[in-house]
Amino acid sequence: MISAQFDRNCCKIDRSLRYGEYFMERAFGEWVWFKGHPQPFLDLVMSHGAVPFGHCHPRLVEALKREAELVDNNYPFPNKNQVELAERLLSVAPLEQDEYEVLINISGSFVVDKAIELSRIVTGKAAIASFDKAFHGSTLSLLPATDACFVDHSELMTEASIKIPFCEESRCPQGSPSSRTCGCLETSERIIKANQSSLAALLVEPIQGSAGNILPASGYLRAIQEICERHNVLFVVDDLQVGLGRTGRVFSIENFGVENPDIIVTHKGLGGGFYPLVALIARKSIFSAVSRNPLNATVFGGAFLNNAFGCGIALEVLDILLADGVLERVKENGDYFLLGLQNLFSNHPLISRAYGLGYVIGMELTSPDEECLSRADIAREIIAEGMRQHVILYSRGGDGERIKLSPSLTMDRAVIDIALEKIRGVVATASESLLLQSVSRPIGGRNRDGTRGLAFAGSS
Ligand SMILES: Cc1ncc(COP(=O)(O)O)c(C=O)c1O
């Protein structure tokens, strides 16, 4: 009944991953219950990290009730929660506190938009650069900065945009091992310099979340920041997917020696998974370039600007995150989880490596024969099998060729052990069924022995 209604009434998301077959009824901690499935599912995605401490965290539920009785919306008046939140964010951010101010609004894309608006106003320039395979949001103004591989009908939506290479920790896009001499920095500087007269800002995802949690090469981000400084281009950090403790540090740039960015947009989990609240921290000199004509209301506008209720929840989120030992445990448990994955798949025909930092984790897939079986097909099968075995996984990357995990920051070792066991079983079954499919229904390619289909050596 419900699925018939869904088919009739709702737009379909994630069509290829078929999550639409599962109707969420309730969720708690790491677990989600779907209609028609009495046993819960282990959630290793957590709305791409927007749910920071597991579902319906009791302290956040209490905070929601408390705040709802005190405040709702307050536009255009300042409020106590907003002031406290701004102060707390500044006190933990890797920047010179007195030089910065905080703007709080709704949703990631909306706030990254504000970063672009501010960058254009303060520099008097209009162009925005971003990295290859970046994702910065889904509003129309952000589509050029978001890589075309993530944009629906990109041929209609993205104007020519300025892209620079993201030098990955394990593999430089220019083909050589990542290092200060691999050429990526020179390419980036050449592009930034050539465009400096029109270029307002470079948007930076410190770890490329939607591309599959791709980590930067050592020293790369700091060097890019220096290049931006040299050519008067603002360095704008988009921490929406990997900030707020997910790497074991409050802001992800703390891992990469980057301090005092011109603008930083905080993580989407700041509203605890209940309220779409995001903060933008920028230099005071940037905010003060905005004219204060009372009739202009775009930069400091929006009906939910500085929403007191949302800020109240965010204060509780920071209390939970900054309690003794929480960040340290994210790092330690993240290492433990990653090591477990690396041990499981040290020699696997479909998974070339597991990598990550804290609870930003990815697995890169490999195909014995891309013509026969694409990496995106392998990812889809692993995810579908995950749902059959009650574990929620996700695939990302330019072609959906990486498995991406963003579990609850409070996931402990007992649950990690369950997660590892489930992932082991899922990958084993998915590998087996891909092998069977390719033998019974060859889709191209030829094995070494001349038979059609795929040969899997030692798959487990
Ligand atoms: C790095 C990054 N920037 C911006 C956004 C857009 O945020 P939202 O979906 O809240 O609009 C996302 C969303 O996933 C993101 O990962």
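**Entry 1: strands 7 and 8**

I looked up the crossover first: strand 7, helix 7 (residues 220–230) and strand 8 make a right-handed β-α-β unit. I call a crossover right-handed if, with the strands pointing away from the viewer, the path from the first strand over the helix to the second runs clockwise. Helices (H or I, at least four residues) and strands (E, at least two) are DSSP runs, numbered from the N terminus.

I note the basis of these entries: the model is predicted, local features need pLDDT of at least 70, side-chain atom pairs count only at pLDDT 80 or more, and totals for chains, interfaces and linings use all residues. Residues are numbered from 1 along each chain as its sequence is written, and side-chain values use heavy atoms, with hydrogens and water left out.

Strand 7 is joined to strand 8 (residues 234–238) by four bridges, and the two run parallel; Val204 has Val237 as its bridge partner in strand 8. Strand 5 (residues 127–131) also runs parallel to strand 7, with three bridges between them, and Ala127 stands opposite Leu199. I count two strands as paired if DSSP finds at least two bridges between them.

I traced an open sheet of four strands in the order 11-12-15-14, with antiparallel pairing. Strand 11 (351–357) and strand 14 (394–396) are its edge strands, each pairing on one side only. On average, neighbouring strands of this sheet are turned by 30° against each other, direction ignored. Axes are lines fitted to C-alpha atoms, for helices over the stretch in contact, and angles run from 0 to 180 degrees between N-to-C directions.

Inside the sheet, I found four bridges between strand 12 (residues 360–365) and strand 15 (residues 402–405). Gly362 stands opposite Lys404 there.

Helix 10 lies across strands 11, 12 and 15, at about 175° to strand 11. Helix 11 (residues 375–388) lies across strands 12, 14 and 15, at about 125° to strand 12. Contact means heavy atoms within 4.5 Å.

**Entry 2: helix 10**

Helix 10 (residues 326–344) has 19 residues and spans 27 Å from first to last C-alpha, close to the 27 Å expected at 1.5 Å a residue. The expected span is 1.5 Å times one less than the number of residues.

I listed its buried residues, among them Val326, Val330, Phe337 and Leu341.

**Entry 3: backbone exceptions**

I recall that most residues other than glycine have a negative phi, and most peptide bonds are trans.

- The peptide bond from Tyr75 to Pro76 is cis, with omega near 5°; Pro76 is in the loop between helix 2 (58–70) and helix 3 (80–92).
- Cys56 has a positive phi near 50° and is in the loop between strand 3 and helix 2. Cys56 is partly exposed, at 34% relative accessible area.
- Ser107 has a positive phi of about 65° and lies in the loop between strand 4 (100–106) and helix 4 (108–123). Ser107 is partly exposed, at 26% relative accessibility.

Key
Buried means under 20% relative accessible area, exposed over 50%, partly exposed in between (1.4 Å probe, protein chains only).
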